[in-house]
Amino acid sequence: MSLMKTIFATKSVEAYQAEAASTQMKRTLGALDVILIGVGDIIGTGIFVITGNAAAEFAGPAIVLSFLIAGVACAFAGLCYGEMASLIPASGSAYSYVYAALGESVAFICGSNLLLEYLLGSALAAQGFTSYLQKFLKTAFHVKLSETWTMTPWDHSEATGFVTTNGYINLPAFLVVTVISIILTFGARASANFNHFAAGTKLIVILTFLFATFSYIDASRWSPFIPTAADDPTGKHEYGIGGVFHASTLVFIAYIGFDAVSTTAQETKNPARDMPIGILGSLVICTILYILVSLNLTGITDFRGLTSGSPLADSVSALGMNWLVVAISVGALAGLVSVILVSLMSLPRILMTIAVDGLLPPSIGELHPTYKTPYKAILLNWAICGSIAAFVPIGIISHMVSSGTLFAFALVCLSTGVLRVQRPDLERPFKVPLGPYIVPGLGTLVCLALIAVGGAMGVLRLAIWILAAFAFYFVYGRTHSRVNNPEREIVIPGWEHLSGKGHAMEELKMARLPENVLYRKSLADTIVALNGIECDASAEVAAVGALASHLNGLRTAVDELDQAINKVNAAGDDPVAQAKLADTALLPAMDAVRVHADALEQVVADKFWPLPKYTELLFQ
């Protein structure tokens with residue numbers, strides 16, 4: 001296989017769909033459910049942390065226009081996410097979508113940008129946590145934390161570059177990342193309930209802020225609405241139309257989370273109706289809230305003073321409303337912790353998906369022997385995210401997380417159009433309206449344009465990151481990829497001890513196949529065995545059923561592969577006939593074997609194999 005074919009090799013949509021077949025999701029969500037999920041996921045770091053800084057340095061009161069621009073980009077990307085999620089229900093999110101459409105190397109680059117989104121987004125939320133913690137302690141208990149332990153050693157702005165500060169380390173930010181990582185390592189059973197509580201708290205705090213500060217608005221603060229260079233005596237800020245667009249790349253962070261909405265496509269009652277309503281509805285609601293908050297914020301405070309990491313709390317503190325400072329701080333703390341929790345909980349799943357494809361070392365997906373969590377991935381995320389939160393200035397983080405996320409969204413939009421053209425035969429529960437070109441094309445262009453207006457330094461940082469990701473892929477991922485190296489052995493955890501014969505299995509064979517996988521010969525034996533077992537939980541039944549299904553599928557795929565090999569051999573020395581048979585029979589059969597083998601591995605990894613007593617009956 002040539003180098004170009006290798007780096008742009010794709011993983012079939014059918015492969016992803018077969019992998020997802022082991023999880024039977026119930027369609028229980030309606031449009032209102034999807035909207036509420038979206039609102040809960042979206043509101044977070046952007047509104048509590050970034051809004052003030054973006055207004056102070058770039059947009060002024062016109063920060064509302066920046067939110068509108070970012071919202072339009074998200075609407076395009078959100079619709080594309082909805083189609084891809086309904087077509088490819090994979091835990092790898094954008095990485096999996098791009099892998100199916102644009103190829104392996106581009107998918108790895110997309111995955112690296114998701115790493116930026118989740119790791120840097122968590123670090124940004126952690127630094128916002130420090131700011132609101134300080135405000136809460138000072139207002140409620142008159143306790144002031146030392147700058148030595150609450151600031152990064154350096155600060156950064158577009159005008160002044162890097163400058164030293166009085167701080168050594170942002171210790172609260174590091175500690176909150178550490179505590180959440182420990183919780184995730186031991187298993188966060190209560191995370192869902194906490195997230196619902198945090199979402200409700202965030203909405204209550206924002207609405208309280210809007211009603212309590214409305215009477216303090218001074219409309220003269222909105223003039224000029226779009227500040228110019230004449231309104232900046234220091235000459236250190238980028239105002240004007242360019243500043244509005246630049247700010248839109250920063251406040252784009254406020255919408256991160258809507259991509260999680262698209263992953264509910266397989267659980268909605270009517271994806272064709274509920275997904276666009278849910279995605280666009282949550283974006284519209286959040287955009288309206290953001291605009292109202294921005295108008296209030298710039299109406300009660302001179303936008304030039306909104307430079308801290310806790311702009312909402314600072315603005316009401318200046319009004320003497322200490323009770324509201326405490327309320328906002330508590331709500332912001334809860335919201336920011338939920339952002340960190342969800343991000344650091346989601347990222348290991350993406351890393352595990354990439355590792356399963358062979359593009360990352362398999363040890364990243366290793367589960368803890370007791371708690372059954374991907375502890376090595378969690379520890380890696382903790383080390384990187386904690387260090388960034390402790391030592392990297394907030395300005396650098398906000399630019400990088402926005403540009404990385406925008407690039408990943410642009411790739412998803414492009415993948416939607418490409419796959420619609422290349423595979424029109426695929427059944428799509430939800431389709432982006434107006435065909436394969438308009439919405440995906442506009443989404444791609446708008447996201448790339450926002451990256452460009454973010455400044456040359458931001459583009460340079462993103463380019464360096466992409467080159468580094470491609471270098472890693474070229475050196476490691478390309479040579480370990482399962483798609484490009486089908487002869488690599490698949491190791492299924494917990495299966496190596498199974499051997500011998502029993503009433504539930506005639507034999508457990510090691511098939512000499514391209515992937516060297518384990519497979520069952522008879523589904524009937526498994527069904528017979530299950531009929532004699534009294535199962536304690538539906539999850540256990542589902543795990544056994546998924547296992548049996550894929551074992552039988554693998555048996556069929558093996559038979560088809562044998563037939564394909566015989567056909568190629570029968571072609572003799574005719575290279576044209578052999579090549580045709582390879583494309584039409586051999587390669588699809590190999591893909592089918594790979595699909596079921598990967599699905600078997602995923603069943604064991606996802607279910608943590610909760611069947612010790614059934615294993616004894618089935619396999620001894």
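Is Pro588 buried, exposed or partly exposed? Pro588 is partly exposed, because its relative accessible area is 38%, where buried means under 20%, exposed over 50% and partly exposed in between, with a 1.4 Å probe and protein chains only.

Hi everyone, a quick word on the model. It is predicted, so local features need pLDDT of at least 70 and side-chain atom pairs count only at pLDDT 80 or more, while totals for chains, interfaces and linings use all residues. Residues are numbered from 1 along each chain as its sequence is written, and side-chain values use heavy atoms, with hydrogens and water left out.

Back to Pro588, which sits in helix α21 (residues 575–607); helices are DSSP runs of H or I, at least four residues, numbered from the N terminus.

Now the salt bridges, each a side-chain nitrogen of Lys or Arg within 4 Å of a carboxyl oxygen of Asp or Glu. The structure has 5 of them. In one, Arg420 meets Glu83 at 2.7 Å, N to O. Arg420 belongs to helix α16 (residues 394–422) and Glu83 to helix α5 (residues 63–87), so this pair ties together parts 337 residues apart in sequence. Glu83 also bridges to Arg428, with the closest N and O atoms 3.0 Å apart. Glu83 is buried at 0% relative accessible area, and Arg428 counts as buried at 8%.

Methods:
Helices (H or I, at least four residues) and strands (E, at least two) are DSSP runs, numbered from the N terminus.
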